[in-house]
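Biologist: Hi! I'm new to this one, could you walk me through it?
Modeller: Happy to, here it is.

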Amino acid sequence: MPIRIGALLMKTLYVIPTYNEADNLPIIIQDLMNLGVDGLHILIVDDNSPDGTGKIADDLAQTYDGRLFVMHRPGKQGLGRAYVQGFTWALERDYEAIGEMDADLSHDPKSVPDLIAAVEQGADVVLGSRYKNGVSVINWPLRRILLSMGANMYVRKITGIPIYDGTSGFRLYTRRALEALDLGSINSNGYSFQVEMSYRAFLCGCKIVEAPIVFTERHAGQSKMSRGVIMESALMPWRLRMSQGKLLRRLHRLSSL
Ligand SMILES: Nc1nc2c(ncn2[C@@H]2O[C@H](COP(=O)(O)OP(=O)(O)OP(=O)(O)O)[C@@H](O)[C@H]2O)c(=O)[nH]1
Ligand SMILES: [Mg+2]
C-alpha cells in the first residue's frame, strides 16, 4: 500500500552502512523488500568490506533494480561519514523521507512502517526507541544495557535533550529536517554522530518523536564498537553543550524555513 503524505506519494530512502555484514545483508534486504512499502528505496554504503559484502550488495542491486543502490567507499571510514555521504546522496535526489538502520538485524524491518507513519503524522525526526516503554532489548548482557542506558542519561543531563534514546541508530528524518541540520559541518563519527544529530534536531526545533522498537543483539558478524568510539561519545555531549551558541547561529531553525 503506498504511503502518502497529503496527496503525495512519499519517497523514502533507508541508508544502511555495512562493514563485514555478508551473512546479515541478504536477510535484512529481503525483509525490507517483503514489507511491500511502495516508494521505499535502500542505499547500502559499504566500506570495501574484506568479507565481500560489497559484491553481495551489487548482486542485490541487480535483483532489486531501481529500488536498491550501492555506494562503495575505498576503506573503513566510520559510521558517521557513511551516513553523511548517504544522506547527501539522498538529498541530491527526490526523497522526502530519509532513514538509517544497521545491517546486523538489530533493527527489525517490521518497525519501518511505524517510523514512516510517525512522519506521516507530522514528526520531523523519528527515533526508533529502545527505552520509550521501559527497556526493549533482547540478548544484551546486563552490563551492555546499563552502559547504553547510562550513556543516554548522561547525554540527557548534559545536553538537556528531552528524549530517552538519543543514541539510537534506527531513525527517519524528513528532507526539510535533514536540510536544516547542516550535515556538512558534522564531524563526529561513532555513536556520538547520533547524539550530535539528535542535539541539532533539538536546537532546530524539530518535532522529535520516539517510536518504540525492540532491539535485538546481532547474532552473526562482529560489533565494531571500539575504545576510541566510546571515548568520542563521552566527550561529545560536553562539546555540544559548549558550542551551543555557535551551533544555534549556524543552524537554520525549522520554523524559519
Ligand atoms: N560503511 C561502514 N559501515 C560501518 C562502519 N562501522 C560500522 N558499520 C556498520 O554500521 C552498523 C552498526 O555497526 P555495529 O558494529 O553493529 O555497531 P553497533 O550496532 O553500534 O554495535 P553492536 O551493538 O555491538 O552491534 C552495521 O551495519 C555495521 O556494519 C564503517 O566504518 N563503515
Ligand atoms: Mg549493531
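Biologist: How far apart are Lys55 and Asp59 in helix α2?
Modeller: Lys55 and Asp59 are four residues apart in α2 (residues 53-63), so about one helical turn separates them. Helices here are DSSP runs of H or I with at least four residues, strands are E runs of at least two, and both are numbered from the N terminus.
Biologist: And what does Lys55 form with Asp59?
Modeller: A salt bridge, with the closest N and O atoms 2.9 Å apart. That term means a side-chain nitrogen of Lys or Arg within 4 Å of a carboxyl oxygen of Asp or Glu.
Biologist: How many salt bridges does the structure hold?
Modeller: There are 12 salt bridges. Keep in mind that this is a predicted model, where local features need pLDDT of at least 70 and side-chain atom pairs count only at pLDDT 80 or more, while totals for chains, interfaces and linings use all residues. Residues are numbered from 1 along each chain as written, chains are lettered from A and ligands numbered from 1 in written order, and side-chain values use heavy atoms, without hydrogens and water.
Biologist: New topic: which atoms of ligand 1 pair up with Gly78 and Asp102?
Modeller: An oxygen atom of ligand 1 is 2.9 Å from a polar backbone atom of Gly78. An oxygen atom of the ligand also lies 3.1 Å from a side-chain N or O atom of Asp102. Both are polar contacts, here pairs of N or O atoms within 3.5 Å.
Biologist: What about Thr18?
Modeller: A backbone N or O atom of Thr18 is 3.3 Å from a nitrogen atom of ligand 1.

Definitions and conventions: A polar contact is a pair of N or O atoms within 3.5 Å; within protein, one must be able to donate a hydrogen and the other to accept it, and residues adjacent in sequence count only if both atoms are side-chain atoms.
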